[in-house]
Amino acid sequence: MQNQFSFLNEHTADSRVTAVFRRPSRRLVRCGDEPYSVVSAMIMMKVKEVIVVEGKDDTAAIRRAVDADTIETNGAAIGADVIERIRLAKERRGVIIFTDPDFPGEKIRRTIAEQVPGCKHAFLPREAAKAKNGKGIGVEHASPDDIRRALANVYEEAADWKEEITFTELVEAGLVGGNMARRRRQRLGEELKIGYANGRQFHKRLRVFRISRAAFYDALAQVIQEEAGDA
């Protein structure tokens with residue numbers, strides 16, 4: 001079956017690609033001058049929920065990856081008006097919190113989750129959020145593919161989910177205390193798609209994001225196997 005769009009022409013100006021496509025009706029459609037690939041322009045994913053990010057550069061990165069609306073917190077000191085907008089968005093469309101994988105980003109995530117319960121969460125691995133020059137971490141630095149992967153693995157909090165993995169088990173698994181604990185939590189958070197957190201917060205995430213024992217130990221085995229291969 002012939003593709004709905006056929007590629008007609010592209011040219012480069014100021015390092016940006018402009019693509020022109022033809023529909024069966026022969027009406028020409030200009031797909032903007034953002035640096036999208038032909039494939040990503042054709043399969044742009046629409047996100048129903050409103051995505052909460054930290055700033056305008058994060059919004060730009062999100063819109064290179066998906067078709068979505070955003071709310072920007074503009075820093076960690078979130079105003080009452082921003083919280084009210086997030087609350088309204090959550091009631092009408094749902095909200096995905098997608099903050100930077102660093103300390104300020106996690107603080108913003110916790111603040112919003114506490115004041116607007118029931119939001120969904122998307123997480124980026126730290127490696128995927130690093131700037132190319134190595135200076136800075138943020139959603140703004142992530143590739144469209146990494147952003148789409150994060151949004152395809154969102155979690156919704158569950159306050160009534162019973163504890164399946166105890167804090168003692170985290171200690172025994174080398175996830176709390178010891179030289180390898182921080183790195184192991186980071187890798188396990190990437191495998192489980194729940195992001196990095198300190199020991200107590202990681203334990204909480206396992207519960208509120210409904211991580212089963214089977215999923216936890218399968219991911220832990222993968223991380224330990226990787227560590228053995230690196231040794």
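Biologist: How many aromatic pairs does a search of the whole structure find?

Modeller: Three. This is a predicted model, where local features need pLDDT of at least 70, side-chain atom pairs count only at pLDDT 80 or more, and totals for chains, interfaces and linings use all residues. Residues are numbered from 1 along each chain as its sequence is written, and side-chain values use heavy atoms, with hydrogens and water left out.

Biologist: What describes a pair of aromatic rings?

Modeller: The distance of the centres and the angle of the planes. Rings of Phe, Tyr and Trp (its six-membered ring) pair if their centres lie within 6.5 Å; planes under 30 degrees apart are stacked, over 60 edge-to-face, and the rest tilted. Here Tyr-155 and Phe-209 have ring centres 5.4 Å apart and planes at 35°, so this pair is tilted. Both residues are buried, meaning under 20% relative accessible area, with exposed over 50% and partly exposed in between (1.4 Å probe, protein chains only).

Biologist: Which pair is edge-to-face?

Modeller: Phe-216 and Tyr-217, at 4.9 Å centre to centre and 85° between the planes. Phe-216 is buried at 0% relative accessible area, whereas Tyr-217 is partly exposed at 32%.

Biologist: Which residues do ring pairs link into a cluster?

Modeller: Phe-123, Tyr-155 and Phe-209.

Biologist: Where does the charged end of Arg-200 sit?

Modeller: A charge sits over a ring if NZ of Lys or CZ of Arg is within 6 Å of the ring centre and within 35 degrees of the ring normal. In this model, the charged end of Arg-200 is over the ring of Phe-167, 3.8 Å from its centre.
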